[in-house]
Amino acid sequence: HGVQLQGGAGLVQLGKHASAGYWSFTLRTLEKHVSEGRKACGFFYLSSFVSLQTFEKLLIANRGEIACRVIAIHSDVDANAVHVKMADEAVCVGPAPTSKSYLNMDAIMEVIKKTRAQAVHPGYGFLSENKEFARRLASEGVTFIGPDTHAIQAMGDKIESKLLAKNAKVNTIPGFDGVVKDADEAVRIAREIGYPVMIKASAGGGGKGMRIAWDDEETREGFRFSSQEAASSFGDDRLLIEKFIDNPRHIEIQVCGDKHGNALWLNERECSIQRRNQKVVEEAPSTFLDPETRRAMGEQAVALAKAVKYSSAGTVEFLVDSSKNFYFLEMNTRLQVEHPVTECITGLDLVQEMIRVAKGYPLRHKQADIPINGWAVECRVYAEDPYKSFGLPSIGKLSQYQEPLHVPSVRVDSGIQQGSDISIYYDPMISKLITYGSNRAEALKRMEEALDNYVIRGVAHNISLLREVIIHPRFVQGDISTKFLPEIYPDGFKGHNLTDLERRELLATAASLYVAEQLRSQQFLGTQRIPVAKSKRSTWELSVRLGDGIYPVAVSKDGSSFSVEVDGMKLNVTSEWNLASPLLSVTIDGTQRTIQRLSRNASGDTSIQFLGTVYKLQILTKVAAELSKYMPEKAAEDTSSILRSPMPGAVVAVSVKPGDTVSEGQEICVIEAMKMQNSMTAAKTGKVKAVHCKAGDTVGEGDLLVELE
Amino acid sequence: MAAVRVLRRAAAAARLRGAGPGPGPHRAASGARPPSVPERIEEKRRAALLGGGQGRIDAQHKRGKLTARERILLLLDPDSFDEYDMFVEHRCSDFGMDSSKNKYPGDSVVTGRGRINGRLAYVFSQDFTVFGGSLSGAHAQKICKVMDQAAMVGAPVIGLNDSGGARIQEGVESLAGYADIFLRNVLCSGVVPQISLIMGPCAGGAVYSPALTDFTFMVKDTSYLFITGPDVVKSVTNEDVTQEQLGGAKTHTTVSGVAHRAFENDIDALLNLREFFNYLPLSNRDPAPVCECHDPSDRLVPELDTVVPTESTKAYDMLDIIHSIADEREFFEIMPSYARNIVVGFARMNGRTVGIVGNQPKVASGCLDINSSVKGARFVRFCDAFNIPLITFVDVPGFLPGTAQEYGGIIRHGAKLLFAFAEATVPKITVITRKGAVQIIFRGKEADAEAEYVDKFANPFPAAMRGFVDDIIQPSTTRLRICHDLDVLASKTQSSPWKKHANIPL
């Protein structure tokens, strides 16, 4: 079980969680976690640490999934979080806002002293690429589990990293320029480079604080938003502007170096499926790379790592154009969110390697030892509504939560559980869902199944979008770019588009569920003083409303299955009809589907998750449906003159006051949620009647912000 | 006198609406021979089914309302309705009421019995298309008949109210009809469940029949309940108020507490009533019903371990707890929009109906005040009367302080809740989710004393050591424990000393 014992301390790899990249400081062996983890996914090997020197106490300065098995520090709102429970010790570092907790270096340094941690694993985000943090740790004699300060600084500085890359003979993007002081300078630089340009935070990787500008005005706007986001996410508001390459693929190389001058490339990850420059679906390997390109990219990545004496796990990001030209984008000097796919195909445990290397051990592998075994796909499951800009944050309590671990070859890295709160303060990621297989088709098929078997209730989630992406013919063929989502869904994501057959399946399933429910509601247990009249009914004439359509559906009971007539076609629907189970396996004319009935009420409204997408239906008896035509239409609220918050968040700025005249599209206020700033604009030209929020307010989804006359 | 005047006004309004042009019942198409008895029966039956005639049916539909018979059709199981008194006609001969065009077989109410999910229910459905659903002596008699039957057999009475008020042409006959109904409402109280669904106007003295029943539900936008309408209000108090503001569903479910729930429209209301009916026993002679249940009774609820915040001042939603422990997360909440600092309603535990009462920390810290005490007390008494076990979730800072509450009589109203719980002999299971009244006892300066007191009593041990609580349980096991206890307590018997009736502080 990879247990090391020295001086009574054990450093244990925690199976599932370890493979997820979680390391725990622990003073005892945690074999149960190991065995749990082994069950969850058996393809990681746990190499022995026996008789090696290790850290006795390790601090994970992070939260959520990445911190799950650690002595995690936490903020007020995370007091009940899984990562806090899993840790042997957990320390609160402040209130919910990240700037006061997970970014609060003073508080974290204090914790390190108090707990006498010998090493710190920063996870990702927060302080993971903060050279000041690494420097302060070094001055305290605490090992930072990551590269040394010099490498963080060199790679964290986009100018320097580019120069270094050039010197190391790494292909770089044209038009690279400097750090930006203000909006005017941003415009000047943007013009020099030539539009379009990409504006992003110097301090952070990934998509956070990154915006694309096509003209001066957008540059100014992008500068303002990006600098604010950079400040709130990284505590560093420096920005960077560079040439934006159209239609690129985002392919990155995982590298790992040690303190003895060795470095390896651990193959690539394809991360082109992004929304708003944040990754959504990742896979390893990429369908696009041939062995030569892979090797060329890998060798350049290693050359760069060696150039900065890189001694940890890191990622060299490239943009790859359609001719397989690749350009160095940046190097992330930390563990990446999507590292599990690399672990899946290489069999390496990156966190373990990071800790070994930090302790001073040389890498155990040679480049030739690094395999590509099978295929792995990762979906980032977010608490967000994919119907709004491919994902606007949603908050709430996970009233029901069940990971699809019963599906084979599935790994779920999460930091939450049933009852967890998704709050406005942090990234809305629920989990990383990883499936693997001997080939891509197998991995994708399992992903489809895993997504269908994932129960997430209480918050909106992006399962529908993920499932649509992974079954889309272009994705299946590997024909993707970072523009995939806007290209495939130019008018926004609208959910799964049902074929006629699928629609019939859905209607038949919904109608069968309705009848099963009706039949059950006549079942009373025990003897009745007045006998319950047994219904002799065997056929139900129903009317099912789905979207704009109303469909007559006839259901006949036939033993334990239902014979359902829809559109003049008969379908046979069988199931156990367990109406309490969150997952329902239904077989419709021989096709097995896993569906979820999310809600139902007495009025016949029901929502069913079918093929990933949630469909709202209303099922009425034919009689009730006919009488429905007499029911009064309820007037809907005029939404053009009121602005409601589309998501929960904090009001950052309000740009109008009562009496102001606003024009259509004009910014009214800015809402920050999950570290993203969102500009709320007027839906029509008019005069502001009332303002119901002020900067600093916390607002919920649907809260009234501003009324126009 | 005032009451009589009120009734007359309402009835006058009814007459104006009811006596407009429109086809009366069809006369027999008399040929040479007079129609045979079977033909006449058939003729009358056809006429009865048409109520006030197609014109008025259309008018009813235009108002967004269904007819009395359509409502029964949706409420009851298909083909289960057995109608009574279809041939009853009013007996008034004044004001030209004896003319054949003013006679409608069945008069202005449809009555009978039927089945809801196979279980027996008695129903009356007032027919607005006949004289505006106004209450004649015959109409009252029909209602009284089904109520008498229901009480004798032991099955609930469901009233679908849609009536302009008293039949003005009948005067005292009509008013006496109300008295007969009120008496039966009272006699049936605690014997069989009585449910009123207000689906149109219900004004004047007529409001007191629903008020005497166990549950009053309303249809949004198309129903209203008030003692006197806006015109009278204007002339007496000079207040300008609309019907909707005065007695609409929103008013009564949020402000007055007169109605227990409101539904979107007729169909929505009737479908919900069917579902609600399944929670109720048929009478006080029957145990709470047990339905087939797919939700495991030993299901652990891990989220309960974290739902209550560690800080005693932080709010959480008691509904989250209720939903998480109830069968299939289903909870039929009663008065969801009124006195929201207390939550009451029906759920099932392992299939068995239970009444749930919970403080709601999310609203006014879950304190008890006048309205929440009365809301809770009435619900508890219903459950006790009909053998429905009570599950109480306690997290209460205490009674709400202040002059408004003291002057309003929080002492006597609060006493109702104590009385109701103490009087109840059904199985009672209480789960204390957080705290008692420490924060109320100590306010302001004595911080040290408070800390000491909190340390001493704001934890479960003092109560557990003295045996005031039976056990301290892991929150995630709550459902399992409750289901288990309910099984054991199903055979509970407890009797009170003989009395005519208790004297609850009203």
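Guide: In chain B, the loop between helix H9 (243-247) and helix H10 (249-255) holds Gly248(B). The model is a predicted one. Gly248(B) has a relative accessible area of 0% and is therefore buried, since buried means under 20%. Between Gly248(B) and Ile143(B) there are 105 residues in sequence, and their C-alpha atoms are 25 Å apart in space.

UniProt, in an unreviewed entry, assigns residues 34-292 of chain B to the feature "domain: CoA carboxyltransferase N-terminal". Over residues 34-292, chain B is 39% helix and 17% strand, with 56 Å between the end C-alpha atoms. On the surface of chain B, a nonpolar patch is made up of Val37(B), Ile41(B) and Phe87(B), which together have about 260 Å² of accessible area. Val37(B) belongs to helix H2 (residues 37-49) of chain B and is exposed, at 52% relative accessibility.

Salt bridges come next; over all chains the structure holds 65 of them. In one, the side chains of Arg269(A) and Glu252(A) meet at 2.7 Å, N to O. Arg269(A) is in strand S13 (residues 263-275) and Glu252(A) in strand S12 (residues 249-257) of chain A, so this pair ties together parts 17 residues apart in sequence. Arg269(A) is buried at 0% relative accessibility, and Glu252(A) is likewise buried at 0%. Both residues belong to a network of salt bridges that also includes Lys279(A), Glu282(A), Glu317(A), Glu338(A) and Arg380(A).

Another salt bridge joins Arg467(A) to Glu448(A), with 3.3 Å between the closest N and O atoms. This pair links distant parts of the chain, 19 residues apart: Arg467(A) is in helix H14 (residues 463-471) and Glu448(A) in helix H13 (residues 440-452) of chain A. Arg467(A) is buried, with a relative accessible area of 2%.

A further salt bridge connects Arg504(A) and Asp567(A), whose closest N and O atoms are 3.9 Å apart. Arg504(A) lies in helix H17 (residues 500-520) of chain A, and Asp567(A) in the loop between strand S28 (561-566) and strand S29 (569-575), so the contact ties together parts 63 residues apart in sequence. Arg504(A) is buried at 13% relative accessible area, whereas Asp567(A) is partly exposed at 38%.

Notes. Residues are numbered from 1 along each chain as its sequence is written. Chains are lettered from A and ligands numbered from 1 in the order in which they are written. This is a predicted model: local features need pLDDT of at least 70, side-chain atom pairs count only at pLDDT 80 or more; totals for chains, interfaces and linings use all residues. Side-chain values use heavy atoms; hydrogens and water are left out. UniProt positions are given in the numbering used here, feature names are shortened, and annotations may be inferred rather than shown by experiment. Helices (H or I, at least four residues) and strands (E, at least two) are DSSP runs, numbered from the N terminus. Patches are made of residues with over 30% relative accessible area and no salt bridge: like charges are joined within 9 Å, nonpolar side chains (Val, Leu, Ile, Met, Phe, Trp, Tyr) within 5 Å. Accessible areas come from the Shrake-Rupley method with a 1.4 Å probe; for residues, only the protein chains shown count as cover. A salt bridge is a side-chain nitrogen of Lys or Arg within 4 Å of a carboxyl oxygen of Asp or Glu. Buried means under 20% relative accessible area, exposed over 50%, partly exposed in between (1.4 Å probe, protein chains only).
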